[in-house]
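These are my notebook entries on a structure that I looked up step by step. I wrote down each thing as I came to it.

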Amino acid sequence: PCLDPLISPLYASSFLASSRYNFLYSAHFAKIYSSGWSPSPQDRQPWMQIDLGKKYRIMAIATQGTFNSYDWVTKYTLLYGDRPDAWTPYVMKGGNMTLPGNWNYYQVKRNVFHYAFTAKHLRFLPMGWNTENGGKIGVRLEVYGCPYSYVMQLEGDDMVAYSFPGGRMRTLQDHYALNFKTLEKDGVMLYSEGLQGDSIMLELKTGRLYLHISLSSTVHNTNGMTTLRVGNLLDTQHWHYVTIRRYGREVNLTLDSQTETAILNGDFNYLDLDKQIYVGGVIEKDLPHLPGKFNFRGCMENVFINGINIIYKTKYQDPDVRLAPKKKKMHYTCRDLLWRPLTFAGPNNYLQVPGFFRKSRLAVKFKFRSWDYTGLLMFTRFADELGSLELGLSEGQVNVTLTQPGNKRLRFAAYRLNDGFWHTVDLAAKDNLLTITIDEDESSPLKITNPFMVRTGDRYFFGGCPKTNNTARCVTKLARFHGCMQQIFIDDEPVDIDVMLQRKWGRYTELLLGTCGITDCSPNPCEHEGRCIQSWNDFLCVCNNTGYKGEVCHNVYRESCEAYRLNGKYWSGNYTIDPDLSGPLKPFTVYSRAWTIIDHDRIDSTKVTGSSVDQPYIGDLKYVNASWDEVTALANTSLYCEQWIEFSCYKSRLYNTPAKPYTYWIGRDNVSYAYWGGSFPESGKCGCAINQTCTDSKFWCNCDADYRQYSDKGYLMYRDHLPVRRLVIGDTNRTGSEAHFSVGPLRCFGDSIWNTVAITKPTYMTFPTFKPGTSADITFHFRTYRTSGVFLENSDDHLRNFIRIELNTTEVIFIFMVGDGIRNVTLRTPKALNDNEWHYVEAELNVKMARLKVDFFPPAIHKFPGQTYITMQFTQPLLVAANHTLRPYLGCLRGLRMNGVPIDLEGKVDERNGIRRNCTGACLNASIPCRNGGQCIDGYASYSCDCNNTAFDGYYCQLIGAFFDVGAWLRYDIRKEPISDDAWWANFWIEPHWHNFTLGYNTTTDDIEFSFSTQQTPAVLLYISSFHKDYIAVLLKKDTLSLRYRLGLLTHKFQLTNRNLADGFPHFVNVTRHNYTVWTQVDYMEPWVERLTPGEIPRFDSPKSIFLGRVMVGDIDYDIQRHNSPGLVGCISGVRYNIFAPLKAYFRPNVTNPPVTTQGYVVESNCGAFPPVQGYVPWEDDPWFTGLFYYIHDDVTPPWMTIVTVSLMLLFLVLYGLYIYLYRYKGSYHTNEPKNLESPSSARPLTETLRKEKKHLPEIQEEVPSE
């Protein structure tokens, strides 16, 4: 490989620098793993230059900071050339001339060039460096390559012709390669042709490179010429590298790093060339060049034709090579013209040069090239206060402004010159006459003949005026010029920049000397045929008429109507969709209702006559606003499609033929289908045959019976065959026969790309490596309760190039490292995103910016500086739902698309590894469901129960009950004062819905539920008092359970059941009232419906308190009083009245002083309602999942863990046996620990003290109340 280190073997004399910090930081210490070079802090434009001794092919560069310091370069520019005074900048993809550097002093940062170049001299320009902790510029470097050079100079009147062995070359594949540099915009570099019309030509035309190649044959009159074009501004005297590869009709043309691919026209695969191939032009006797073409003028290097080194054969006078007539030898060195361009490359750039003072004639001549519309080219102030002369660009035209005291300001404008090419400006002025010649066109110079005087000043400014020390009073309203200049002449004398600056005759700021470093829109960074407009350091994409938008014409519309619906647009209307998103197909407009509908031009009936099987009628369908490929893409991504088709016949048959059908339709992929609407593929039938409704049962279509007039119609519903592209009708040529056909619009529904998965275990899915090029867009939906996790990641082998999208509660973070360090775009939302609702994420990355959007929130945008280079060359598989360190995402994902391509998430479904189809988590098959109306909160790997809206608590909302001993009671105060009539009416009219409890209750609605268990009767289980006479009571007798309702003057009595519920088992009671209707249910019996007495207002007026156990109010009904003593002895749990849960407020208070009062023995108990269960431990709470330990799978327990576990168990048994032996005679102690639940029928609480089980424990004996 061509990767030899080229700097390490060099001597100290090969290094040169603009300055040095001190002797220990000299340039020759800049070798890798040496101490390093640092320039002087006063050096405004530091550089280091390396002479390699001879030309090498350069492949890569590596950099370090200076040894053991805070000095390193973060970005830099590399110049190369054949001479130390003429430089070419290395340009990365995207037009960026800045390479990424180091982030510390010791690590080696290697940049592999995306195109190799040849050079003898290198110049290193620091563009950014570390400034923290006193850091400064510091670098050590190495360059990798190999010797490589055969050079030939061509002057336009010479060429080389290589004769093919045998007089002919017939090839299936070709490989041509050459390097060139030139100052000319036009010239033929390669040319050959064959007798049958085959030809190949490589030429420069207007600064661009064209390849013309034809495999055609004049015998068959086939036009096989194909043209490829790459590059721009190639007349820069910089080396460019060209490769042509062809195999059959496939050809690739590569210029530097840009590659164009094409399929050649015609049907042939071989290139047949006769006699010879010309290099550098075509010169024969009486033919100095090809008609209308110029021969190449410049340097060529390493010209290879299918492995044959043409320059080598020419140099050693191979007999297969001949030169132009009258030419006897070629020059094998590249004789560069002695010119030194300047690049004006900064916001404050200018160049000041001296001139001859007080001369009566002014002459300025120079060349420039630029993309800018405006900018100052030259300014000078006349002597003797005679005014000034300004030459500038305005709207791309040359403007001359002459200002003198007492005279008008004279302006003159001509030419549009901001096209990026070199242009010559020659200005001459004397008294009363000023002439300007552009591009040496002397036939029509521009003249100003107004009266004025000329006395030259002593200073000329190019590119701008200085901001400080402006003693010459350079004043202009024009912006600074950005571009290149060369060959500057002042008063007919060339300006030698080196001598001028060395002797301090001039000044400059923000110039690059010896190189022209402007970039162009080649290759076009704008996608989807967007138009690129270039400036001096950036570009602008004009996306008009492309159907796209954004910085590089990459942003897209939604992929379907279903996608619009999922993003909140539910209304019908016209929508612009793009089924392949950022793919090559353009967006188009459809009508969306519940269906996506695309019309065409065959919806109305079309009459057909005179057609036969041999000469059929072909009816093409032209869809509205969409190409055939775009409509096909819509059908392909839809869940279901259908299209109506109808054939009305008058003696015209469809399929009644033993051979080819008379009539058929053509659908997707240009495939013919011989089945009609209403039937199914490969049936060869119409819908009437399927429904058994054909006119003649002997035929499968009505029209096949060949009667007078019938029709066959129905829907085509097989999506993979749609849409209909054309109809072929071939049986209307008999006497009196005709047909009418019509096709309905394409109607599609749903979206097949919305494949959805749920990730319920820490895992990840792998997909092929993402290869986005220079632009990437990623879209998906997610839904989760988890606070964090990585959605996806793709990287290279060393994580030096990666993209990642992750979640962090209220943030979605787009992190990437694609050329210039780690960057991120963070979008913060006002509410948490882990709310188990669907959220939409859209991330975009291109050379202009990174953009992140979530739902309808404003996007977060990180714009890159001009000439930013990004490289997204990933090598690892795409990881979804985790990254390389397994920071898993748990939740649901759907509709993941990368650059418009759907990712098949459902193809990775694996229940065993925790990847489920559709959005189903741990709540789907919960081992223990949430009880008592608790909401299951899906953690996907685990779940929890939300008990906030219930009267229960605990992991499964199964807890919170109370045991009431004799005489114990609990009171919960709903309100301290009655509600006023005004407040009641306001509450009623503003929110009359019967579920409204904004006042704490709704006077026309009651909702009561609780469980109880007891063996004692009678008892008042529940009593709700009011500030008036109203009340609600649930009474337990020995054989009945009854309900008392008092609303106003009447008391309503309802018997809920006549069973004996004082059996010690838990029972459930539910009472719901709305206006006059009362629903009651006990346990799991059928609900009963009761009616209150109509007439009075069904209003429970101002509820005051809830009593459990006993009723402690002064004035209660006699019936209640009879049941109120001795009170409830037993358990009651899950008590809820509307939104009030008194037991939960008492045992789980969320305020400092809950409105609860108790008396007697009231302790918490689960009342035997459910057996105690051990809650599931979520994986993130499990120590085996933390960073302290590696996760240990159940099926791979290490042997050492088994040994340790067994040893600990044995030790525990020994200690426990010793404890029992030593302390068995020491008595016992009183405990408040709850006892284990013995059976579900127990009416005692878990916290009841232990009963006497042995005679030697009399102090904890307790009497059981009798019935």
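I began with the disulfide that C543 and C553 form, and I noted that their sulfur atoms are 2.1 Å apart in this predicted model. I then looked up the turn about the S-S bond, which comes to -95 degrees, and the link of C543 and C553 is left-handed. Both C543 and C553 lie in the loop between β39 (539-542) and α3 (561-566), so the pair ties together parts that are ten residues apart in sequence. I also checked how covered the two partners are: C543 has a relative accessible area of 12% and is buried, because buried means under 20%. For C553 I found a relative accessible area of 0%, so C553 counts as buried too.

Next I asked how many disulfides the structure holds. I wrote down eleven disulfides for the structure.

I picked C299 and C334 as another entry, and here the sulfur atoms of the disulfide are 1.8 Å apart. The angle about the S-S bond is 100 degrees, and I noted the link of C299 and C334 as right-handed. C299 has 1% relative accessibility and therefore counts as buried.

I then turned to C688 and C694, which a disulfide joins with an S to S distance of 2.0 Å. The link of C688 and C694 is right-handed, with 80 degrees about the S-S bond, and I recorded that both cysteines, C688 and C694, are buried. Is T693 buried or exposed? I found that T693 has 53% relative accessibility, so T693 counts as exposed. The place of T693 is in the loop between α5 (687-691) and β48 (710-716). Leaving out residues up to four places away in sequence, I listed C688 and N702 as what T693 touches.

My next entries are on aromatic rings. I noted that the structure holds 40 aromatic pairs. One of them is Y312 with Y316, whose ring centres are 4.8 Å apart and whose planes stand at 50 degrees, so this pair is tilted. I found Y312 to be partly exposed, with a relative accessible area of 41%, whereas Y316, at 53% relative accessibility, counts as exposed.

I went on to F963 and Y1161, and I asked what kind of pair their rings make. The centres of the two rings are 6.3 Å apart and the planes are at 75 degrees, so F963 and Y1161 are an edge-to-face pair. This pair links distant parts of the chain: F963 belongs to strand β68 (residues 961-964), Y1161 to the loop between β80 (1156-1159) and β81 (1162-1165), and the two are 198 residues apart. I recorded F963 as buried, with a relative accessible area of 2%, and Y1161 as partly exposed, with 35%. I also wrote down one aromatic cluster, which is formed by Y80, Y90, F113, Y115, F117 and Y241.

I looked up where V1206 belongs, and its place is in helix α9 (residues 1199-1223). With a relative accessible area of 43%, V1206 is partly exposed.

My last entries are on the chain as a whole. I noted nine helices and 81 strands as its secondary structure. Of its 1267 residues, 52% count as buried. The chain exposes about 60200 Å², and carbon and sulfur atoms supply 52% of that area. Finally, I looked at contacts between residues at least 6 apart in sequence, and 68% of these join residues at least 24 apart.

Note on methods
Residues are numbered from 1 along each chain as its sequence is written. This is a predicted model: local features need pLDDT of at least 70, side-chain atom pairs count only at pLDDT 80 or more; totals for chains, interfaces and linings use all residues. Side-chain values use heavy atoms; hydrogens and water are left out. Helices (H or I, at least four residues) and strands (E, at least two) are DSSP runs, numbered from the N terminus. Buried means under 20% relative accessible area, exposed over 50%, partly exposed in between (1.4 Å probe, protein chains only). Contact means heavy atoms within 4.5 Å. Accessible areas come from the Shrake-Rupley method with a 1.4 Å probe; for residues, only the protein chains shown count as cover. A disulfide is a pair of cysteine sulfur atoms within 2.5 Å. Rings of Phe, Tyr and Trp (its six-membered ring) pair if their centres lie within 6.5 Å; planes under 30 degrees apart count as stacked, over 60 as edge-to-face and the rest as tilted.
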